[in-house]
Structure formats: structure tokens, C-alpha cells
Amino acid sequence: MSKVGIIGLGHVGSDIAYTLCTKCQVDELVLIDKNKEKVIAEYLELTDSMMMTEVKTTILLHEYSYLNDADIIVISVGSQSIDNEDRVSELSDNARSIRQVVPKVIASGFKGIFLVITNPCDVITTLVHRESGFPAHRVIGTGTSLDTIRMKRVVGEKLGISGQSIGGYVLGEHGESQFVAWSSVTVGTQKLLEFTKLSEEELEEMKEATRLGGWEIHQRKSWTSFGIASTVSRLIQSILKDEKRIYPLSIYHEVENIHIGYPAFIGKKGIIKSLSLDLTSKETVLFEQSIAKVKKYVNH
Ligand SMILES: NC(=O)c1ccc[n+]([C@@H]2O[C@H](COP(=O)([O-])OP(=O)(O)OC[C@H]3O[C@@H](n4cnc5c(N)ncnc54)[C@H](O)[C@@H]3O)[C@@H](O)[C@H]2O)c1
């Protein structure tokens, strides 16, 4: 029996609910948004679409008490206040929402895993960790998981091969200070930088195409949702099935006392352990700069 809650049923939360229902990935789904009419509308749409699937997901609406025995709660509240191409512009509105929502979740008796999407993702994940008082391994942000997928697509396109054959990670903030750890990027098992010759300019162009991947979509339709919905649906499966797979996620950095994008194994108990990457000195500096940015906004 699996149960997932989604709090925040805008573009992102609705697309996650649709992905989970149509792929029949969870037994029970709890849908919560401050806009109750929107929740009812999405419930009706999901019920219609499930008529074409073989397994039924039971959908419960509105009540935080239903989250009591959930395995995972997805936090996807938002404020539609993104501007200046920087996700930190959403911080004050979304931090306020987190301070409203998390105490209600805790009051429900929830003992599962928080999966945080809301931007600025690393800062908000840190706030959820602090507000909830949960152990760090049960508070996970989607971090640079989507950025890493974009990097693989961009590198694959550059090389004329499938991005699914590319390994490696985007690290740091899910935001402007993120960077591609080129030393981690592979083609199959071979290091990218040994597989082919690429100039500094070409690497910089691919990093920028990755960083701007979300904005390319956002400036044309004002939101992004399919990519993150597919990513979150996959992360939920990895947790529920205890897959112990590695993803770059916003995870707790003990020394810095914040969450930041770094690869880790996840399973049914949440974060199992992080990878130990052998970053170059340049990458280490970029990581430190990204940590400094997240810390600045956490302590804002
Ligand atoms: N981490 C990622 O990779 C990633 C990708 C895409 C979007 N996002 C972020 O996800 C968030 C949601 O994006 P969206 O496009 O769905 O936004 P949206 O504005 O369409 O939806 C946000 C929903 O949250 C609800 N909400 C706000 N405050 C609430 C509260 N206190 N209690 C209950 N519900 C509340 C709103 O009513 C709304 O339905 C944003 O912060 C966005 O930047 C993150």
C-alpha cells in the first residue's frame, strides 16, 4: 500500500498527480491546495483520465489529517512571482507558505519523506528541514536533478548521441549558481573530456544551455512542469521501491547546515548516503560559491 500527498496543485502539482495516476504508480493520493475549487477540478479530471487505465488510485481531498500515514509528501506550493530569471524572487512568498503548511503536516502525525520542489528549491528545502524538525535524511529537495537531465540532453545533442548515454552531474543550487561538474561527466563509462576534445568555450556554451533550459520554456509559456513531473514521478518510484539509485538532489550538508545539490542514493528511508565526488579545484570553488549563495538566502 503506497500513499503520496501533494501540497500545491498548480501546474507542477497537477502534472505530478496526472503522471502518478495515469501510470498507476500509487495506491492513494492526497491532494491539497489553498484553492479548493482547483483541487476539485483536478480530482474530476484525474478521475476521468483514470477511466482509461487499469488500476485505480484512490484520491482524497483537502484534509491534512489524511497525510498521517503517507509515505511521501510532495511540496509544490508556488507564488507565480518569478522574475529576473532568478528563482530566489519567489522566496518571501514561498517561505511564508512553507511556514503555514509544514506545521499542519506535522500536526497530522506524518512520519514519511518530504520531497520539495518549490523554489528556490535548496533554500525552501532547508526551511522545510528546520520547520519540520525531521531528520535530514527524510527531507529531500529535487535540487539539480532536472538540471542534470537537461545537461545530459545538451551534451548528447552536441555529440550527436543519445543523452541517455551521458553520465555525470550538475551540482550546487537549483538556480543561477549551479555548475556542471565536467570532471564527473561520462559517455558510457569513458570520461567526456577524454572521449572528445572540447574547448572551454564549448563547455561554457553547454553549461549555459543547461542553466537556461528552464527559462527557455518559462519565457514562452510562463511555467515548466512536464520535466519536473517526470523527474518527481521517477524519484517517488525509487523511494517506494527502495531502489537505492543515485540522483543529484538537494541534500543536507552537515558542515554548512543547509541543503544543496549533490548526488546521493535514495530508498524507502530517504537519503541513504551521498557519493564522494573527486571534484577539481575549480569545481570545488564553484561549489563553495553556490553554497554561499544558498546560505545567504537561508539567513535572509
Ligand atoms: N525544482 C524544480 O526543478 C522546479 C521545476 C518547476 C517548477 N518549480 C517550482 O514549483 C513551484 C510550483 O510551480 P507551479 O508552476 O505549479 O506554480 P503555480 O502558481 O501554478 O501553483 C502553485 C500552487 O500552490 C498553491 N499554494 C500557494 N500557497 C499555498 C499554501 N499556503 N497552501 C496550499 N497551497 C498553496 C497555489 O494555490 C497554487 O495552486 C514554484 O515554486 C516553481 O518555481 C520547481
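**View 1. His 174, listed by UniProt for "active site" in an unreviewed entry.** UniProt annotations may be inferred rather than shown by experiment. The model is predicted: local features need pLDDT of at least 70, side-chain atom pairs count only at pLDDT 80 or more, and totals for chains, interfaces and linings use all residues. Residues are numbered from 1 along each chain as its sequence is written, and side-chain values use heavy atoms, with hydrogens and water left out. His 174 lies in the loop between strand E8 (170-171) and strand E9 (179-180). Its relative accessibility is 8%, so His 174 counts as buried (under 20% relative accessible area, 1.4 Å probe, protein chains only).

**View 2. Contacts of His 174.** Apart from neighbours within four places in sequence, His 174 is in contact with Arg 87, Asn 119, Cys 121, Asp 122, Gly 143, Thr 144 and Asp 147 (heavy atoms within 4.5 Å).

**View 3. Packing of helix H1 (residues 11-22) with helix H9 (residues 226-240).** Helices are DSSP runs of H or I with at least four residues, and strands are runs of E with at least two. The axes of H1 and H9 are 9 Å apart, at an angle of about 50°. H1 contributes Val 12, Asp 15, Ile 16, Thr 19 and Leu 20 to the contact, and H9 contributes Phe 226, Ile 228, Ala 229, Val 232, Ser 233 and Ile 236. By class, eight residues are nonpolar, two polar and one charged.

**View 4. Residues 144-298, listed by UniProt (unreviewed entry) for "domain: Lactate/malate dehydrogenase C-terminal".** Over residues 144-298 the chain is 47% helix and 22% strand. The end C-alpha atoms are 18 Å apart.

Notes. Axes are lines fitted to C-alpha atoms, for helices over the stretch in contact, and angles run from 0 to 180 degrees between N-to-C directions. Ala, Val, Leu, Ile, Met, Phe, Trp, Tyr, Cys and Pro count as nonpolar, Asp, Glu, Lys and Arg as charged, and the others, Gly among them, as polar. Buried means under 20% relative accessible area, exposed over 50%, partly exposed in between (1.4 Å probe, protein chains only).
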